[in-house]
Amino acid sequence: ILSRHPYIQAFQWLPEVSPRNRAALEAEARRTYPEFRFFRRDASDRPETMPPGSTFHAIQYVSPYRGNEITLGYCAESLPTRQQTLAQALQSGDLAASGGIRLIQETSNQTGVLVMTPVRGEGGRPLGMVQGVFRMGDLVKNSTAFLEPRGVTLRLYDTTAPGAMALLHEEASRLAPVGPTRDEGLRLARVFELAGRRWSVV
């Protein structure tokens, strides 16, 4: 899947971590990654180990590893946007998408989006989350790469989000402008639903 869809930044597995299974999960991860730990970021954006006795979801596995190393062990409840998406997926039992966020592995200025779906065991007990990680610039560029340049600027919005947070990506025309440009030119918009959110392509 990753080789066919290069706009996917990563797939991740986030088990439900509790005092009952934390030691076993950490030991399992450290067989491959000896310095593994479950962590969050403090108010100064510095990593700190998750406190003992807490229950949370965190990234235990990521593919591909390269470019996503920093995410291993990261707690999904660390930020409100991630926390809300996780709660929605658990409550609905279905796909849930986040609003635009800055990924902790982001090295440029692309907006990221997370899509989560719960995995349940016997009796419907939640075991964890599978999470897809997407960079919006890569998504738009790869989705439109086959199109012939037509002097069109494309904008992708999450209309569920408020104000300035709605713009997920703007892809400028690949053609140089000829003469003055006008904001009031021809405009075409398409709206669609994605995992509980409403996106608009303009």
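Q: Is Phe-38 buried or exposed?
A: The relative accessible area decides this, and a residue counts as buried under 20%. In this predicted model, Phe-38 has a relative accessible area of 0%, so it is buried. Phe-36 counts as buried too, at 4% relative accessibility.

Q: Which residues does Phe-38 touch, leaving aside those up to four places away in sequence?
A: The list includes Val-17, Arg-22, Leu-25 and Glu-26. It also holds Glu-48, Thr-49, Met-50, Phe-56, Ala-58, Ile-59 and Gly-73.

Q: How is a pair of aromatic rings described?
A: Two values are used: the distance of the centres and the angle of the planes. By the rule applied here, the count comes to five aromatic pairs. In one of them, the rings of Phe-36 and Phe-38 have centres 5.0 Å apart and planes at 85 degrees, so this pair is edge-to-face. Phe-39 and Tyr-74 form another aromatic pair, which is tilted, with 5.4 Å from centre to centre and 50 degrees between the planes.

Q: Where in the chain do Phe-39 and Tyr-74 lie?
A: Phe-39 is in strand S2 (residues 39-41), while Tyr-74 is in the loop between strand S5 (61-63) and helix H2 (80-92). They are 35 residues apart, and the pair links distant parts of the chain. Both residues are buried.

Q: Which residues do ring pairs link into a cluster?
A: Phe-36, Phe-38 and Phe-56 are linked in this way.

Q: Which residues touch the most other members of the largest nonpolar core?
A: A nonpolar core is built from buried residues such as Val, Leu and Phe, joined through side-chain atoms within 4.5 Å. The largest one here has 28 residues, and Phe-38 and Phe-56 touch the most other members. Strand S1 (8-17), helix H1 (22-30), H2, S7 and S8 are the elements that give two or more residues to this core. S1 gives the most, with three residues. There is also a second, separate core of 12 residues, with Ala-97, Leu-139, Val-140 and Trp-199 among them.

Q: Where is Gly-73, and what does it touch?
A: Gly-73 sits in the loop between S5 and H2. Its relative accessible area is 0%, so Gly-73 is buried although it lies in a loop. Not counting residues up to four places away in sequence, Gly-73 touches Phe-36, Arg-37, Phe-38, Phe-39, Ala-58 and Ile-59. Gly-73 and Thr-49 are 24 residues apart in sequence, and their C-alpha atoms are 9.2 Å apart in space.

Q: What about Gly-124?
A: Gly-124 lies in the loop between strand S7 (112-120) and strand S8 (126-135). With a relative accessible area of 33%, Gly-124 is partly exposed. Gly-124 and Gln-9 are 115 residues apart in sequence and 29 Å apart in space, C-alpha to C-alpha.

Q: How do strands of a sheet pair?
A: They pair through backbone hydrogen bonds, either parallel or antiparallel. Here an open sheet of four strands has the order S10-S9-S12-S11, and the pairing is antiparallel. Strand S10 (167-171) and strand S11 (190-194) are the edge strands, each pairing on one side only. From one strand to the next, the twist averages 15 degrees. S11 and strand S12 (residues 197-201) run antiparallel and are joined by five bridges. Within S12, Arg-198 is the bridge partner of Glu-193.

Q: Which strands does helix H3 lie across?
A: Helix H3 (residues 136-144) lies across strand S9 (154-158), S10 and S12. H3 runs at about 45 degrees to S10.

Q: What backbone values do most residues and peptide bonds have?
A: Most residues other than glycine have a negative phi, and most peptide bonds are trans. Asp-45 has a positive phi, near 65 degrees. Asp-45 lies in the loop between S2 and strand S3 (47-49), and is exposed, with a relative accessible area of 51%. Ala-195 also has a positive phi, of about 50 degrees, and is found in the loop between S11 and S12. The peptide bond from Ser-63 to Pro-64 is cis, with omega near 0 degrees. Pro-64 is in the loop between S5 and H2.

Q: Where is confidence lowest, and where is it highest?
A: The mean pLDDT of the protein is 86, and 91% of its residues reach 70 or more. Confidence is lowest in H3, at a mean of 84, and highest in H1, at 96.

Technical notes:
Residues numbered from 1 in each chain as written. Predicted model: local features only at pLDDT ≥ 70, side-chain atom pairs only at ≥ 80, totals over all residues. Heavy atoms only, no water. Pairing = 2+ DSSP bridges. Axes fitted to C-alpha atoms, helices over the stretch in contact; angles between N-to-C directions. Contact = heavy atoms within 4.5 Å. Buried < 20%, exposed > 50% of the residue type's maximum accessible area, 1.4 Å probe, protein only. Phe/Tyr/Trp six-rings, centres within 6.5 Å; stacked < 30°, edge-to-face > 60°. pLDDT = per-residue confidence, 0-100.
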